[in-house]
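Reader: Hello! Could you take me on a close look at the sheet, and at what lies around it?

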Amino acid sequence: MMKKKIAIFISGRGSNMQAIVEQCQRGPLKDLAQVELVFANKASAAGLEYAKSQGLETRCINSKGLKRLDFDAKVIDLLSNYELDFIILAGYMRVLSSPFVQAYQGRIINIHPADTSLHQGLHAYEWAYENQLAATKITVHFVDEGMDTGAVIAQASVDLKGVESLQDVEKRGLAVEHQFYSATLKSLFEA
Ligand code: GRF
């Protein structure tokens with residue numbers, strides 16, 4: 001089978017991007033996917049340094065001050081230089097415009113650190129912590145024009161029993177995210 005060519009989109013730390021890169025190098029995605037590009041919408045995205053250190057192609061277009069459609073047009077233009085099978089959002093803090101979603105219909109994936117039917121948008125771990133949930137969910141879903149509204153691909157549960165701080169919640173959640181995102185991509189790419 002041909003490896004899927006993927007671009008990973010980040011806005012910040014990039015720990016999910018790093019996990020996916022590692023799993024493409026020597027994990028479950030090894031024979032299934034190849035990272036063609038790591039893209040960020042801000043130059044300060046810390047994950048870019050890691051991507052560069054791995055010899056990956058990185059690109060950045062600063063979204064600040066640009067209208068959504070104008071920015072997305074630039075990104076679509078950039079992506080036209082690559083033959084991508086999937087776009088993997090990993091902490092990419094922007095809602096995508098309709099032209100972008102349509103250009104890659106059914107091929108844009110996101111990870112959200114909550115059950116997307118219960119909580120959308122920012123601060124999902126805070127939400128779980130403040131509501132004292134005994135468990136929360138991580139959702140991997142297709143991306144549409146809404147904020148965390150696309151069709152769910154898979155969900156994983158995070159046990160929150162005994163957590164003592166928001167940091168505990170994030171630590172447990174991210175540990176699940178880092179495995180679960182790649183595991184879900186593996187199933188999707190094998191299908
Ligand atoms: C993760 O919790 C992810 O689920 C959410 O934003 C966070 C990004 O973290 N969409 P990182 O940049 O992958 O470390």
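Author: Happy to! Let's begin with two terms: helices (H or I, at least four residues) and strands (E, at least two) are DSSP runs, numbered from the N terminus, and two strands pair if DSSP finds at least two bridges between them. The model is predicted, so local features need pLDDT of at least 70 and side-chain atom pairs count only at pLDDT 80 or more, while totals for chains, interfaces and linings use all residues. Residues are numbered from 1 along each chain as its sequence is written, and side-chain values use heavy atoms, leaving out hydrogens and water.

Now the sheet itself. Its 7 strands form an open sheet in the order β3-β2-β1-β4-β5-β6-β7, and the pairing is mixed. At the edges stand β3 (58-60) and β7 (152-159); each has a single partner strand, so one side of each is left without a neighbour in the sheet. On average, neighbouring strands are turned by 20° against each other, direction ignored. For such angles, axes are lines fitted to C-alpha atoms, for helices over the stretch in contact, and angles run from 0 to 180 degrees between N-to-C directions.

Strands of a sheet pair through backbone hydrogen bonds, either parallel or antiparallel.

Helix α1 (residues 15-26) touches β1 (4-10), β2 (33-40), β4 and β5, and its direction makes about 160° with that of β1. Helix α3 (residues 68-79) also packs on the sheet, touching β1, β2, β3 and β4, at about 145° to the direction of β2.

Finally, look at the ligand. Arg-13 has a polar side-chain atom 2.5 Å from an oxygen atom of the ligand. A polar side-chain atom of Glu-177 lies 2.6 Å from a ligand oxygen atom. From Ile-111, a polar backbone atom is 3.1 Å from a nitrogen atom of the ligand.

Methods
Contact means heavy atoms within 4.5 Å. A polar contact is a pair of N or O atoms within 3.5 Å; within protein, one must be able to donate a hydrogen and the other to accept it, and residues adjacent in sequence count only if both atoms are side-chain atoms.
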